[in-house]
Amino acid sequence: MTPESASPEISVLIPAWNEAESLRQLIPALFRVLESTGRTHEILVVDDGSTDGTWETVLELGRSHPALSALALRRNFGKSAALATGFLECRGRYIVTMDADLQDDPEELPAMIRELESGLDLVSGWKRQRHDPITKTWPSRFFNRVTASVTGIRLHDFNCGFKAYRREVCETIELYGEMHRYIPVLAHREGFRVGEREVRHHARKYGRSKFGPSRFLNGFLDLLEVMFLAGGRRTPLHVFGRWGTALLSVGLALNLYFAVVWVVERHLRVRPLLLFAVILVILGIQFISIGLLAALIHAPQTRGRSYPVRSRLGGGAAEPEAGLDRGGLASSAGVRRDRGLGADRR
């Protein structure tokens, strides 16, 4: 075991909400895979307000796995909050996220790390063969196609929880609301190189899906927000202010025209175009005002928010077992990359 201050090479982050049964199988299997890589590692579980004994299960597993760390949030804040909290705690050079429901295959992890070492900054899993009901697969396909078309990022599966990141990606992107669906978009926006790898997917063994019909509406609204803010680091004032300035400019130009008409002709009748010009001025002022209010609200409440932690399980990075070969990673055959998605890695 390395000292507590030593940083592991690989951190695995698992957000969990009522997944006690699945974690009993996932954690030992994941440690076996990590030990086979010959790299120092840690696993961090973020218990997102579970009520089924997930925290007790994690504590029990921690007694036999010293490299297991965990945080328990005070209530269920959502997957984005759990990931954001975990990103602040993970110490590894490479950070891998995966769901706790046993649908992601731990054996895919070494190959994803290999893809990071080949030059990518973020590798997103692609569940090409999904073992989910049609009520999840068809809406997911529609969502992925729309997102790829709108954002220009040609990935097949934006919402796959199995992803591998370089540490600087996790330190740069800002997660809030339900933005976990758009992590590749957020990373691409910051200039990171994004790609994907086909991964095995398993049917859910325990429990049920935690996402209901509301995810479709939330996903659409979040996509609108991502596209509004897609141009660099625009603030809400920049977004609404541009629309407001455009409307205000057209409205003032039309009103100036009617002012000239009034001066020249000495009279002015109420015309539909005049009323339209007045409405444009009002809308322009309203858009700019909305942008100012949104900027005041957005900055302190969503940027860099931390979430209250109820309990904590300490842990350290596990050393590779003696005799393990550090180069024994899986083949990268079948990997699809979008090399042109972003700028060169910083």
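**Cysteines and aromatic pairs**

Analyst: In this predicted model, Cys-160 has a relative accessibility of 1% and therefore counts as buried.

User: How many disulfides does a search of the whole structure find, and which cysteine sulfur is nearest to that of Cys-170?

Analyst: Cys-170 is buried, at a relative accessible area of 7%. Cys-170 takes part in none, and at 7.3 Å from it lies the nearest cysteine sulfur, which belongs to Cys-90.

User: How many aromatic pairs are there, and is the pair of Phe-87 and Tyr-165 stacked, tilted or edge-to-face?

Analyst: The count is 4 aromatic pairs. For Phe-87 and Tyr-165 the ring centres are 5.5 Å apart and the planes stand at 70 degrees. Planes over 60 degrees apart count as edge-to-face, so this pair is edge-to-face.

User: Which elements hold Phe-87 and Tyr-165, and how many residues apart are they?

Analyst: Phe-87 is buried at 8% relative accessible area, and Tyr-165 is buried at 1%. Phe-87 belongs to helix H3 (residues 79-89) and Tyr-165 to strand S6 (residues 163-166), so the pair links distant parts of the chain. Their separation is 78 residues.

User: What angle lies between the ring planes of Phe-143 and Tyr-182, and where is Tyr-182?

Analyst: Phe-143 counts as buried at 18% relative accessibility, and Tyr-182 is buried at 0%. Their rings form a tilted pair, 5.7 Å centre to centre, with 55 degrees between the planes. Phe-143 is in helix H5 (residues 134-151), while Tyr-182, 39 residues apart from it, is in the loop between helix H6 (167-172) and helix H7 (183-189).

How values were computed: Residues are numbered from 1 along each chain as its sequence is written. This is a predicted model: local features need pLDDT of at least 70, side-chain atom pairs count only at pLDDT 80 or more; totals for chains, interfaces and linings use all residues. Side-chain values use heavy atoms; hydrogens and water are left out. Rings of Phe, Tyr and Trp (its six-membered ring) pair if their centres lie within 6.5 Å; planes under 30 degrees apart count as stacked, over 60 as edge-to-face and the rest as tilted. Helices (H or I, at least four residues) and strands (E, at least two) are DSSP runs, numbered from the N terminus. Buried means under 20% relative accessible area, exposed over 50%, partly exposed in between (1.4 Å probe, protein chains only). A disulfide is a pair of cysteine sulfur atoms within 2.5 Å.
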